[in-house]
Amino acid sequence: MSSDTTNAGSAGEAGTAGEAGTSSTTATASPPTGSGVSPAGSGRTGPSGLLRDMSLSAVLAGFVAVVVSYSGPLVIVLAAASAGHLDKAQTGSWVWAISIGSGLTCIGLSLRTKMPVITAWSTPGAALLVTSLGAYSYAEAIGAFLVTGVVITLVGLTGVFGWLMRQIPTAVVSAMLAGILFSFGTGVFTSLKTAPWIAGAVLVAYLIGKRWLPRYAVLIALAVGVVFSAATSRLNIQLDHIELARPVLTTPQFTFASLIGIAVPMILATLASQNAPGMAVLTASGYRPKDRLLIGSTGLVSTALAPFGSHAINLAAITAAICTGPESHRDPKRRYVAGVACGAFYLLIGAFGTTLVVFFAGLPKELVAAIAGVALFGALAGGLTGAVTEEKDREAALITFLATASGMTLFGIGSAFWGLVFGVVAHLVLTRWRGRSATG
């Protein structure tokens with residue numbers, strides 16, 4: 001959630017890299033698009049092209065991604081705001097900033113690249129703030145947010161981040177994706193324990209929809225899930241009033257303590273646990289993302305919105321997988337609409353600050369878990385397929401999958417990053433180093 005993620009990580013898949021993308025290809029699909037240009041042969045540009053490419057399934061994918069973001073990762077932001085003793089205006093400005101930043105980058109980058117680029121706020125960064133924000137003044141935190149944005153921008157624009165991503169084998173990236181999505185897939189079935197009617201109805205409705213109306217299977221599952229939630233009195237949606245958000249500009253204050261205590265771990269967590277898996281999700285779906293454009297742009301937006309409370313805007317992983325999979329659209333060249341739709345919903349909700357958040361808070365957690373799970377079935381299948389395609393990389397991929405799926409956290413960094421680390425080490429030991437020793 002990561003934004004997008006409620007557990008310890010973010011996702012990854014594999015594809016074909018362009019000059020600054022990731023150097024991997026999967027069996028899931030041939031590269032559907034370039035980066036920063038219209039898909040080959042598409043010819044669709046501008047508003048008219050967007051309207052021609054519009055589909056209900058893609059718009060729904062964007063909506064489901066937003067539902068997952070606001071019903072999960074945002075709760076961590078609100079907990080951090082409470083731990084930091086922020087007042088209502090500061091909290092509302094924070095929610096406004098991360099929502100507007102995510103919305104603008106989703107729309108702008110999706111239209112620019114013709115890929116479903118999904119962005120979100122840094123979930124591990126927010127988790128870090130739950131325990132650390134109370135030790136600093138709000139102005140000091142804003143200063144740390146500003147430095148975080150600047151550093152991530154520089155790391156992205158210089159190409160350092162992309163070079164590191166290109167060193168990771170395809171199978172390892174795909175296995176990381178599968179490990180991240182594993183808990184979401186099982187969430188459909190663990191929800192049966194506490195809400196059997198809701199989760200069961202979602203699963204059955206999805207399977208029926210997948211059989212006869214595959215493009216609308218998730219929509220059918222969502223509609224049936226809402227009906228069963230209402231029938232079992234599990235919906236708790238209360239909108240007493242709707243009020244436009246009022247951004248609060250705070251002058252940043254820079255101190256050594258806040259930079260070490262907030263900025264440094266925020267930078268590491270955002271790059272490792274969010275942006276790396278976010279890039280991997282796109283490449284695994286067959287796209288060729290340019291890391292300089294994507295990481296640099298999200299870093300710039302983070303910097304611009306930091307004085308209003310935005311701690312970090314980054315590439316999403318879990319919610320991105322919802323929009324890059326076949327449930328979004330059968331044609332990969334038209335899935336970018338899901339990114340535009342996701343951004344539009346972000347902007348709509350963000351414009352009202354915290355007042356609309358209660359809508360998503362009122363949805364049963366089992367309904368959200370079940371919908372997210374079925375929406376990610378396709379992406380999970382693609383990750384598993386890419387992980388076992390190359391026989392020589394299967395053990396490294398298995399290690400990556402197990403480490404990522406474990407949900408462990410080391411030094412404040414989630415399991416997706418450590419899955420990559422262990423997988424790359426295993427790949428080196430089992431293939432490259434073994435090959436050198438055999439010839440030596």
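**Figure 1. In this predicted model, helix α3 passes helix α5 in a left-handed crossing.** Left-handed means that the near helix is turned anticlockwise from the far one by less than a right angle, and right-handed means clockwise. The helices are DSSP runs of H or I with at least four residues, strands are runs of E with at least two, and both are numbered from the N terminus. The axes of α3 and α5 come within 8 Å and cross at roughly 25 degrees; axes are lines fitted to C-alpha atoms over the stretch in contact, with angles from 0 to 180 degrees between N-to-C directions. The two helices are therefore roughly parallel (angles under 35 degrees count as parallel, over 145 as antiparallel, 65 to 115 as perpendicular and the rest as oblique). Look for P73, I76, V77, A79, A80 and A83 of α3, which make the contact with T123, A126, A127, L129 and V130 of α5. Contact here means heavy atoms within 4.5 Å.

Residues are numbered from 1 along each chain as its sequence is written, and side-chain values use heavy atoms, leaving out hydrogens and water. Local features need pLDDT of at least 70 and side-chain atom pairs 80 or more, while totals for chains, interfaces and linings use all residues.

**Figure 2. Which residues of α5 are buried?** In this helix, which spans residues 123-132, they are T123, P124, G125, A126, L129 and S132. Buried means under 20% relative accessible area, exposed over 50%, and partly exposed in between, with a 1.4 Å probe and protein chains only. The buried residues of α5 pack against α3 (73-83), α4 (88-113), β1 (119-121), α6 (138-157) and α11 (256-284). At the start of α5, a side-chain oxygen of S122 reaches to within 3.0 Å of the backbone nitrogen of G125.

Figure 3. The largest nonpolar core has 112 residues, and Y70, W94 and L181 touch the most other members. Such a core is a set of buried Ala, Val, Leu, Ile, Met, Phe, Trp, Tyr and Cys residues joined through side-chain atoms within 4.5 Å. Helix α8 (residues 170-194) gives the most to this core, with eleven residues.

**Figure 4. Helices α4 and α12 meet in a right-handed crossing.** Their axes come within 10 Å and cross at roughly 150 degrees, so α4 and α12 are roughly antiparallel. On the α4 side, the contact is made by W96, A97, I100, G101, T105, L109, R112 and T113. Their partners in α12 are L293, L294, S297, T298, V301 and L305.

**Figure 5. Helix α8 packs against helix α16, which covers residues 365-375.** The axes are 7 Å apart, at an angle of about 145 degrees, and the crossing is left-handed. Find F184, G187, V188, S191 and T194 in α8; these meet E366, A369, A370, A372, G373 and V374 in α16.

Figure 6. Most residues other than glycine have a negative phi. Buried or exposed? H85 is exposed, with a relative accessible area of 69%, whereas K114 is buried, at 8%.

Notes: Polar contact = N/O pair within 3.5 Å; in protein donor to acceptor, adjacent residues only side chain to side chain.
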